[in-house]
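Welcome! Please take a look at it before reading on.

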Amino acid sequence: MLPNHPTVLDNRALIRAFRLAAQLMELHEENPFKIRAYEGTANALEQLTVPVADLDRTGLPDRTGLSKTAAAKVAEMLDTGSFEELTRLLNSTPPGVVELLSVKGIGPKKIRSLWKELGIESAEQLREAAENDEVSKLKGFGKKTQDAILAALEFTSQSRGKLLYPQAEELSEEVASQLRAAPGVEQVAVAGEVRRRLETVETVQLVAATTEPAAAHQLLNGLDGLTADARRSGPFAWRGTATTSGVKVEVTLAAPTEFVNQLLLHSAAEEHLSETLTQEARPGQPATLRHWLKRERFATEQELYQRAGLQYVEPELREGLGELALARENKLPALLEDQDLRGSLHNHSTYSDGSHTLREMATFLRDQGYEYLGICDHSQAAHYANGLSPERVRQQQREIDQLNQELAPFRIFKGIEADILGDGSLDYTPSVLETFDFVVASVHSNLKMDERKATARVLRAIENPYCTMLGHPTGRLLLRREGYPLNHKAVIDACAQHQVIIEINANPWRLDLDWRWVRYALDQGVQLSINPDAHHTNGYADMRYGVLMGRKGGLTKAMTFNAKSAAEVAEYFARRKASIKPPLEFKDSLFG
């Protein structure tokens, strides 16, 4: 938290706080009824579409449906950043034990056993105990659990000091906002990995144009939430870390006349800056962008590229992956924009594990100016997510028919997120699959396969004629869980062959398909769909992150499936379904 810039807690922060309180109470073996009450408060907050922070404190019970007791804790959290019971629980728990709650695969009960029986109070102590085979001997653990803990700790260690893109973007904007108030500062811009839209960020970089760098240093040194590193800093560069996350923070302090040069220098990968610009070197002609930046001062970034004989390269493309060759020939594409999206596909409702009803998901999206919703609740194999039985599928589709009559011209498409089962078949029989307008096929279980088996499983799903779209191809959770091992080239080639769309899952934890494979997919003629995987109306806003990742891979409006109109999408789905043979014919050939 930065001074003079009070952080307004959003609903997600409130939900996290109450879930943490429930976890800590379970860790301390406190009253199970109170644990359920905190979980219930978190669940109730998930149902809300209005920001709780915007509500009058005295009206919270009526506007949120919370009990007076729960509403009072929410109000306390909004006003102070915590509430009494959460503070008590945190004060009675070693910080390292609290951190263990975020390690994938071990819950509060197991953490309590590790803490109380082995005296483990940090991730490092847990790693040492597991490596010494002490964890497997505890009741309820075993060798398999111990190995899983070691793998999770290794992944967590690799993720330390990194932020998801939205978190890094928020931090950089907060620092920029404070920096603009420093004496002598004329301009501030976010640079580095955030400006290049990397999905995870190790260093938050900014560039400030200032006539008084010492004043900027003084301000940055005094910001609560940042820790200065004097040894790495200098007169024209402040370096440190964000205290909570450990992510590096760097601020370049430039003279106003050097601002644009420094901004571009810190907004491109080294490969972009050092690539030779021309086939034939000419005497006195700068050979790279870095050379141009040393030779001249520029008023705009566009001016630099123009002087170098190049089409302007957007910051997210500056990775040294062939973009300058395209820029030389003026062949860089017009990248996808937020406003190009006309609908949202792959969303969940209360029929499975979503927070809002089908009507609420549809009307909210309609009121945001979109033309259509694709509803893709979980299929029957996803018991953990209240997956739909065939009868509940029929019930939902009847409701969709009624809502389509009522909400027209807004359109709800009948979809499903069908689990790709262990053998590559899709959840449901062909007779059920044929009732959907489209099918998103996703892997949710048995994530431990090697690359050969995992790829064969996904390829078989793609070959299913009812597979319209491949959902979050690797199943990764950034900074939490490694992705499913896949031969991306083989998967993309198969999608091209069978005309299967690939989603860029826009949830910031996923951003999957990885942007590094977007260009290959486009080269093979595969359409991509920016899907928020929304389980709450707030989730629709995540489409922005999918757009950013698509742009980073060179995605255009023409190759984005949900940039089509509702009529075009309906025609595409109908045409694809019409091409499928009768169910019994392909059931025998495909599923044996």
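Buried describes a residue with under 20% relative accessible area, exposed means over 50%, and partly exposed is in between (1.4 Å probe, protein chains only). Helices (H or I, at least four residues) and strands (E, at least two) are DSSP runs, numbered from the N terminus. This is a predicted model, in which local features need pLDDT of at least 70 and side-chain atom pairs count only at pLDDT 80 or more, while totals for chains, interfaces and linings use all residues. Residues are numbered from 1 along each chain as its sequence is written, and side-chain values use heavy atoms, with hydrogens and water left out.

- Two packed helices are described by the angle between their axes and the distance between the axes.
- Helix α10 (residues 165-179) packs against helix α24 (residues 543-552) at an angle of about 95°, and their axes are 11 Å apart. Axes here are lines fitted to C-alpha atoms, for helices over the stretch in contact, and angles run from 0 to 180 degrees between N-to-C directions.
- The two helices α10 and α24 are therefore roughly perpendicular to each other (angles of 65 to 115 degrees count as roughly perpendicular, under 35 as roughly parallel, over 145 as roughly antiparallel and the rest as oblique).
- On the α10 side, Y165, P166 and E169 meet R544, Y545 and L548 of α24; contact means heavy atoms within 4.5 Å.

**Helices α21 and α22**

- Helix α21 (residues 451-463) and helix α22 (residues 488-498) have axes that come within 9 Å and cross at roughly 10°.
- That makes α21 roughly parallel to α22.
- Their contact is made by T455, V458, L459, I462 and E463 of α21, together with A490, V491, A494, C495 and H498 of α22.

**Helix α2**

- Helix α2 (residues 32-46) has 15 residues and reaches 21 Å from its first C-alpha to its last, close to the 21 Å expected.
- Five residues of this helix, I35, Y38, T41, A42 and L45, are buried.
- They cover an arc of only 120° around the axis, which puts them on the same side of α2; the arc is that of the directions from the helix axis to the C-beta atoms.
- The cover over the buried residues of α2 includes α1 (11-27), α4 (68-80) and α5 (84-91).
- At the start of α2, a side-chain oxygen of N31 comes to within 2.7 Å of the backbone nitrogen of F33.

**Buried residues in strands**

- V440 sits in strand β11 (residues 438-442) and is buried, with a relative accessible area of 0%.
- Not counting residues up to four places away in sequence, V440 touches H346, C376, I416, E417, A418, M469 and G471.
- A209 belongs to strand β4 (residues 203-210), and A209 is buried with a relative accessible area of 0%.
- Among the residues that A209 touches, leaving out those up to four places away in sequence, are G184, V185, A254 and F259.
- K414 is part of strand β10 and is buried, with a relative accessible area of 16%.
- The side chain of K414 makes a polar contact with the side chain of D401 (2.8 Å). A polar contact is a pair of N or O atoms within 3.5 Å; within protein, one must be able to donate a hydrogen and the other to accept it, and residues adjacent in sequence count only if both atoms are side-chain atoms.

**Backbone details in loops**

- The peptide bond from A408 to P409 is cis, with omega near 10°, and P409 lies in the loop between α19 (390-407) and β10 (411-419).
- D133, in the loop between α8 (123-131) and α9 (142-159), has a phi near 60°, a positive value in a residue other than glycine.
- N386 also has a phi near 60°, and N386 is partly exposed, with a relative accessible area of 38%.

Technical notes. Expected span 1.5 Å × (residues − 1).
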